Amino acid sequence: MATEIVLMPDADGSGDVIEFCVEIGDKIVAGDSIIVIESDKASMEVPSSIEGTVVEWLVEMGDGIEKGRPLAKVEISEDVIAEVETLVAEQSADTASPRAVSAAPSAASEKLVLMPDAGGKGDLIEFFVQPGDSFLEGDMLLLVESDKAAMEIPAPFSGSVIELVAELGQTVEEGAILIKALGAVESNSVEGTAALSVTQSDSKTSEPLSTPKTLASSSTVAAASIAAVSSILNTSLSAVGTSQVYAGPATRKLARELGVDLAKVKGAGKRARILKEDVKQFVKQQMSTANSANVVVQSGVPAIPSIDFSKFGEIDTQNLSGIAKATSAHMTRCWLNIPHVTLFDEVDITDLDAFRAAINPELYGLLKKPTILPFIIMIVAKALRKHPQFNASLHADGEQIIYKDYVHIGVAVDTPAGLVVPVIRDADKKSVSELTLEIAELAKKANDRKLKIDDMQGGCFTVSSLGASGGVGFTPIINGPEVAILGVARADIKPSWDGEAFIPRKQLPLCLSFDHRVVNGADAGRFMAMIHQCLSKIGNTLL
Ligand code: CAO
């Protein structure tokens, strides 16, 4: 029997050990959580990159853990070693093929890049490399778009591309083979999903493939992804108070999908760990007591019937992008769950327009001249500070309201793939020129599908500007769990009475939708009045 050390993966997380998920003598597979660490932001489960039996802990309760720290000694089971050897033998046999022989220099080996656990499946949108391209470990190889966001998948090792195995548009999930590559053989690499990163040349080199050192590293990356995803889920859930609950990433994901507050679920697992079954059971219970005041039950909205449109003429059916599907589900959820009221206003922005026209970008070192939008965001940020009920979210149980002491504003961006809402962090601390640049950067990232999940999380309020193309007004849908959204329609010159005559003034239509459970009409009137005042008297606002 050989032993191998499980290291703290190269994920964002660091923190103190608060829980051991397995015991000495327990059998684990790659991806099983072995410890839970807790930082000041969230708790995070740390998965093993190795399959085997835990024989020794190398950390103690309360130890501070960072990337690369040895966590546990694991005895590798003979089955795994045998499996690796079989695959090595099979792959060696393949070297008879002309492509493989010419493609495998003695210092490199054929490896497979697998889809890591990214919290679900996604569509393969783009390859950043082509056959023949070299890449380094950590370089982004391809783009996968899930129903939540686009994710770049990093290389688990350095090498060069032999073949793009997966196809554009294909739906890929954890473990799917993405790329066949030639990877450098590293004698002391810590490799993970052993079999699939084993090589043709490995079997011929003096490196003993069946030793634990050669078992391992693509799952180090998978493990890192698991940890990263787990960290994302923990962080997002901590906002509703579930970061302290003991549950794995899959359970947390299920809870999030079902809208279940994990803090209310009783765990039936070891040390009260919450299992998926517990979440399902909880939902069943809640459904059976549907008259409880806290439970929101779907109201049985009749579905729109499916129609064969080809009966009426020629049609072209196309698949929706992941972003469009996610938007569709989110909009429906928000529309059905939030009692919307929309307040309309029209603001005279003639002075603001004159001010913008007079800005000399060179004089102020501006890379881009501000549009109306950064001024609106600056003013909305001020208004959110002054009117905290707009900078709040209703707890999922409907019994608490959470006020936020930060001002992160989402900006709706229209892209060819659909509508996305990247978030400007701490908008209240940024100048108009900083906001101008940040909007441009986020819009570019959105259009290039380079936004990360992080870029789209944590918003307190959304501004949706239809800009020059927008009509005279619209009723924006609140981006729940936020409680309000400001829609901006097209500004136009209109006659305005100055007491003696009609004069031409530029009027900007604003449309504020608010959640009537949290904000009442008078609150909304005051919030809108502040925005109105600041936008129309921009000189005073900038003081
Ligand atoms: N009325 C008249 N003109 C407007 C305007 C308005 N409300 N808003 C912007 N404009 C002008 C700008 O000032 C700019 O002209 P100048 O260069 O002369 O100043 C021009 O229209 C183009 O602006 P823009 O759209 O490129 O820039 P922006 O800062 O206003 O918006 C962004 C940036 C990324 C938000 C925008 O491009 C976008 O994607 N908007 C769509 C959002 C959306 O679809 N919302 C609806 C969601 S509900 O389905």
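**Close-up views of a predicted model**

View 1. A nitrogen atom of the ligand sits 2.8 Å from a backbone N or O atom of alanine 491, a polar contact (a pair of N or O atoms within 3.5 Å). The protein covers 64% of the ligand, which on its own has 970 Å² of accessible area (Shrake-Rupley method, 1.4 Å probe). Aspartate 414 also uses a backbone N or O atom, here 3.0 Å from an oxygen atom of the ligand. With arginine 356, an N or O atom in the side chain is 3.1 Å from a ligand oxygen. This is a predicted model, where local features need pLDDT of at least 70 and side-chain atom pairs count only at pLDDT 80 or more, while totals for chains, interfaces and linings use all residues. Residues are numbered from 1 along each chain as its sequence is written, and side-chain values use heavy atoms, leaving out hydrogens and water.

**View 2. The shell around the ligand.** Count the residues around the ligand and you get 20, with Thr371, Asp414, Ser464, Ala489 and Ala491 the closest (a heavy atom within 4 Å). By type, the shell has 13 nonpolar, four polar and three charged residues. Helix H9 (372–386) and strands E21 (413–415) and E24 (461–465) each give at least two residues to this shell; helices (H or I, at least four residues) and strands (E, at least two) are DSSP runs, numbered from the N terminus.

**View 3. Around arginine 356.** Look for this residue in helix H8, residues 350–358. Setting aside neighbours within four places in sequence, arginine 356 touches Lys369, Pro370, Thr371, Ile372 and Phe375 (contact means heavy atoms within 4.5 Å). Isoleucine 372 is 16 residues away in sequence, and the two C-alpha atoms are 8.1 Å apart.

**View 4. The second largest cavity.** Among the residues lining the second largest cavity are Ala149, Ile323, Lys445, Arg449 and Met456. That lining splits into seven nonpolar, no polar and three charged residues.

View 5. Glycine 480 and proline 481 are joined by a cis peptide bond, with omega about 5°. Proline 481 is in the loop between E24 and strand E25 (484–488). Aspartate 426 isn't a glycine, yet has a positive phi of about 45°; this aspartate is in the loop between strand E23 (423–424) and helix H10 (432–447).

Note on methods
Polar contact = N/O pair within 3.5 Å; in protein donor to acceptor, adjacent residues only side chain to side chain. Nonpolar A, V, L, I, M, F, W, Y, C, P; charged D, E, K, R; others polar. 1 Å grid on protein atoms, 1.4 Å probe; cavity = no way out; pocket = protein on both sides within 12 Å on 5 of 7 lines; lining within 4 Å.
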